[in-house]
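Please keep the model in view while reading the numbered points.

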Amino acid sequence: MNFQTYNPPERVLMGPGPSNINPRVLNALSKPTIGHLDPRFIDLMDEIKQLLKYAFQTENDVTFPVSAPGSTGMETCLVNLIEPGEKVVVCVNGVFGGRMKEIIERCGGIPVVVNDDWGTSVGPSKLEEALTENPVAKIAAFVHAETSTGALSDVKTLAEISRKHDCLTIVDTVTSLGGSELKVDEWELDAVYSGTQKCLSCPPGLSPVTFSEKAINKIKNRKTKVQSWFMDLNLVLGYWGSGSKRSYHHTAPINSLYGLHEALLILHEEGIENAWQRHTANGKIFCNEIKKIGLSPFVKEEERLSQLISVTVPKHADEALVRTNLLEKYNIEIGAGLGALAGKVWRVGLMGHTSNINNINLCVDALSKELAV
Ligand SMILES: *Cc1c(COP(=O)(O)O)cnc(C)c1O
């Protein structure tokens, strides 16, 4: 066999993640690896925590990146907060709410599911009803930006309702962090997880999380051990916790953390409000442009995400062929519909570094050409 160095093609990543990586981040990733207990590395960890607090808009002490993809952040929140036998209200309006339900069951919790149609937001009154009917439930879980459909939910209101019923909240912000208004402290969210490959424009493989004091108290007072060794916060915080001795827990993904630091620095330089505003503006432009070529967004405007737009596939179009041609002829990746929406929509991502006018024009031109043939 004649193996050679791998050279990936250069793509315009306009799917549901990963998004394109800023060259500054790629450069940071290639810097020399140092030890994960090197004092200079500990300094970097402290800065990452500070920058993550800014991105999440929180003062939570327990704010750090889990060394694994977004799904592990999800699992970290759920396995730490849920004890076997506990009822958990979980809102499902797409794939990721469904994944939360699956994990709740696997950690011995009893999910109470609040279903909403795919492509719509989580309904606050439905959540309220479920919480009223299940007063023993002390945790409510929901997704901010449902990447599988392109729907945005009103997390601020959902959290208010949950608090009124004495529930802690677990919130998926994988696609919203850096792309949609998100205020962890102001909205009093308790356990929040995200990912790096969506609006932060980092490679995948890290999951920023943040926990309120209330959440940490619940975890500290557990009657049972967290069933996952790797994700047990009581242990992880020996490495990431503030004022801790930074003792070995697992070997941190050092170069990935260089990348995350640079991506968070870029977000800080832009300003979080400006980043939200850029995503909102570009989402609107994209929707206006596709209307001009006869396409329409699947989700109605009030419930629509700006960084991930589901586009209804016209009747005459070959859904898969258009995606293949976009990739092969134009180097543009867009996403397919999932589950109930498979074959019915394309999912177009305008996340982080990808969210700019050039990419919008590129994608709309390519779609218009492919749909004309
Ligand atoms: C991408 C995504 C996840 C999962 O993240 P991975 O890094 O793929 O594990 C979870 N929730 C939402 C809303 C996502 O978009």
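**Notes on the predicted model**

1. The largest cavity has a volume of about 60 Å³. A cavity is a set of points, on a 1 Å grid over the protein atoms alone, where a 1.4 Å probe fits but cannot get out; grid points are joined across faces, edges and corners, and a volume is the space filled by probe spheres set on the points. A search of the whole structure finds 1 cavity of 30 Å³ or more.

2. The model is predicted: local features need pLDDT of at least 70, side-chain atom pairs count only at pLDDT 80 or more, and totals for chains, interfaces and linings use all residues. Residues are numbered from 1 along each chain as its sequence is written, and side-chain values use heavy atoms, with hydrogens and water left out.

3. The lining of the largest cavity consists of F64, P65, V66, S67, T76, F230, M231, V236, H249 and H250, where lining residues have an atom within 4 Å of a point. Strand β2 gives the most to this lining, with 3 residues; strands (E, at least two residues) and helices (H or I, at least four) are DSSP runs numbered from the N terminus. By class, the lining has 6 nonpolar, 4 polar and no charged residues. Ala, Val, Leu, Ile, Met, Phe, Trp, Tyr, Cys and Pro count as nonpolar, Asp, Glu, Lys and Arg as charged, and the others, Gly among them, as polar.

4. Strand β2 (residues 62–66) runs antiparallel to β10, and 5 bridges join the two; strands pair if DSSP finds at least two bridges between them. T63 stands opposite T210 in β10. Strand β9 (residues 191–193) also pairs with β10 in the antiparallel sense, over 3 bridges, and T210 is the bridge partner of V192.

5. Why can β10 (residues 207–211) be called largely enclosed by the rest of the structure? The reason is that 5 of its 5 residues are buried, that is, under 20% relative accessible area, with exposed meaning over 50% and partly exposed in between (1.4 Å probe, protein chains only). In a regular strand the side chains alternate between the two faces of the sheet. Both faces of β10 are covered, with S207, V209 and F211 buried on one side and P208 and T210 buried on the other.

6. The largest pocket holds about 340 Å³ of space; a pocket is an open set with protein on both sides within 12 Å along at least five of seven lines. Of its 22 lining residues, the closest to the centre are D61, V62, F211, E213 and I216. Helix α7 (213–220) supplies the largest share of the lining, 6 residues. The lining divides into 8 nonpolar, 7 polar and 7 charged residues.

7. Among the residues surrounding the ligand are G70, F96, D172, T175 and K198, each with a heavy atom within 4 Å of it. A backbone N or O atom of G70 lies 2.8 Å from a ligand oxygen atom. An N or O atom in the side chain of D172 is 2.7 Å from a ligand nitrogen atom.

8. G17 and P18 are joined by a cis peptide bond, with omega about 5°. Q57, in the loop between α2 (39–56) and β2, is a residue other than glycine with a positive phi, near 55°. N331, also not a glycine, has a positive phi of about 65° and is partly exposed, with a relative accessible area of 30%.

Conventions. Polar contact = N/O pair within 3.5 Å; in protein donor to acceptor, adjacent residues only side chain to side chain.
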